[in-house]
Amino acid sequence: MPRKKFHLGWFTNFVADEWLDPISSGSGKPWTGEFYVEMAKALERACFDYIMLEDTLMVSETFGGTSKHFLRNANQVPKHDPAPLATLIGAQTSRVGVVATLSTLGYSPFLLARLCTTIDHIAGGRFGWNIVTSGEDAAAQNFGLDKLPPHDLRYEMAEEFMEVVNKLFASWDADAVVLDRETETYADHTKVRPIHFVGKYYKSRGPLNTAPSPQGRPTYIQAGGSPRGRDFAARHADSIIAVANGPQAMKAFRDDVRARAAKFGRNPDDIKVLFLFAPVLGETEEEAKAKDGRGLASRRFQERALLLYSAITDIDLSQFDLDKPLPELTTNGETTSLARFAQFGSGKTFRQVLMEGGKGGSIDMVGTPEQVADRMADVMEEVGGDGFLFKHPFHSISRRYILEVTEGLVPALQRRGLVRTEYTKPTLRETLREF
């Protein structure tokens, strides 16, 4: 029996490219966006569902109480706004979806809804919003707050935020623009109405002053790992970004969010769970293993992983001995990322945890494109779906790795009938729901 097809996405950020690699890098200054447009076109040729642009809203000083290490390593900074880049990519591609991370911390509901609708028009119905609340006190301080609200309160506020933006997206009927030349009527005013929303945290009159989005609303992407976050994702998301340690945990996560979606009256098949994935590829298995070993042992990888997890957990990891287990830690930042990364109670040293989990994927795969394709098929069959969200295994981005995946691994998957070979749907949401 032919196996069920699965979906592919790519997780990246608008940051410096791999500027220390003279072969696969750009200049270290990819701020025109051309490098990322080139990347998106490569993903489009490989028929990826979407490219997702992650974002944060601060220069972190979490590691060692200074921004020195983040700036020296170009780790999480410079990081440019993903919304203009998503617009640029949307205008210069025709089929691949483009997703931008926009924080409810940094936008009012009206401005965010207006921005999303505008980009969705430019992208021809292929835009997605990655919904985040932000998880760093330094980000909150850039918006006039002393610190972030508590974790569960952030989700309570986000639920109301979603209520407002959904009403704003619906403030124009789909057929409100009539373009009736006989009566010289552009839009029917009876199909555009204020929302008069007054809630506990937000207030908006509406309506939007943009034409209705090609998708009705943008495609919603979300990464909820905590119980409250899973509820939020199951209620709203069209696609969920997930990380889990191995096939059993991946299956448990997918089964859980699907059950929650059904509880909220949604069709679970309308939600596609894409698991973060960072394979290491080589022309031979030995070459791939050697590449993986070099990458994990490199000072640059270990330093990048330390800085990344320090920033997203809002914990200064410089204070812990790499050759001892991490103590039990708590955070008001990304709680699920912390628990998954730290592996509390495993008995492993911090260095072991860093080398085993620092790549950030749900499952470790090292080998030739053919070997990895077969393993991906086996994992998806065990998990039940829905796909993988690629990222670079060593916390950088390079032309070399993009081509290894799009010109090496994806054709191996296509030969097995595991992923699409062409686009058949016009919008991102329809593409995700194709199978």
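How many bridges join strand S11 to S14, and in which sense do the two strands run? Hold that thought for a second, everyone, and let me say that what we have here is a predicted model. The answer is four bridges, between S11, residues 272–277, and S14, with the strands running parallel. One of the residue pairs there is Leu 274 with its bridge partner Gly 387 in S14.

Let's look at the other neighbour. S1 is joined to S14 by four bridges, and these strands run parallel too. Helix H14, residues 399–415, lies across S1, residues 7–13, and S14, residues 387–390, and runs at about 175° to S1.

Eight strands close into a barrel, and the order is S1-S2-S3-S4-S9-S10-S11-S14, with parallel pairing. From one strand to the next, the twist averages 30°.

S1 and S2 share five bridges in the parallel sense, and Asn 13 stands opposite Glu 54 in S2. Why call S2 largely enclosed by the rest of the structure? Because five of the five residues in this strand, residues 50–54, are buried. You can see that on both faces: Tyr 50, Met 52 and Glu 54 are buried on one side, and Ile 51 and Leu 53 are buried on the other.

Next, four bridges join S2 to S3 in parallel, and Met 52 has Val 99 as its bridge partner in S3. Val 99 also stands opposite Gly 128 in S4. S3, residues 97–103, and S4, residues 127–132, run parallel and are joined by six bridges.

Helix H7, residues 227–236, packs on the sheet, where it touches S4, S9 and S10, and its direction makes about 165° with that of S9. Please find His 236 in that helix. Is His 236 buried or exposed? It is buried, with a relative accessible area of 11%. The side chain of His 236 makes a polar contact of 2.8 Å with the side chain of Glu 159. Leaving aside residues up to four places away in sequence, His 236 touches Glu 159, Met 162, Arg 217, Tyr 220 and Arg 266.

Over in S9, residues 219–222, I'd like to show you Ile 221. Ile 221 is buried, at a relative accessible area of 0%. With residues up to four places away in sequence set aside, Ile 221 touches residues including Tyr 50, Val 99, Trp 129 and Ile 241. You have already met Tyr 50 on S2 and Val 99 as the partner of Met 52.

Finally, a pair of helices. The axes of H3, residues 82–92, and H4, residues 109–122, come within 8 Å and cross at roughly 20°, and H3 and H4 are therefore roughly parallel to each other. H3 brings Ala 83, Ala 86, Thr 87, Gly 90 and Ala 91 to the contact, and H4 brings Leu 115, Ile 119 and Ile 122. By type, the residues in this contact are six nonpolar, two polar and no charged.

Terms used: Residues numbered from 1 in each chain as written. Predicted model: local features only at pLDDT ≥ 70, side-chain atom pairs only at ≥ 80, totals over all residues. Heavy atoms only, no water. Buried < 20%, exposed > 50% of the residue type's maximum accessible area, 1.4 Å probe, protein only. Contact = heavy atoms within 4.5 Å. Axes fitted to C-alpha atoms, helices over the stretch in contact; angles between N-to-C directions. Parallel < 35°, antiparallel > 145°, perpendicular 65-115°, else oblique. Nonpolar A, V, L, I, M, F, W, Y, C, P; charged D, E, K, R; others polar. Pairing = 2+ DSSP bridges. Polar contact = N/O pair within 3.5 Å; in protein donor to acceptor, adjacent residues only side chain to side chain.
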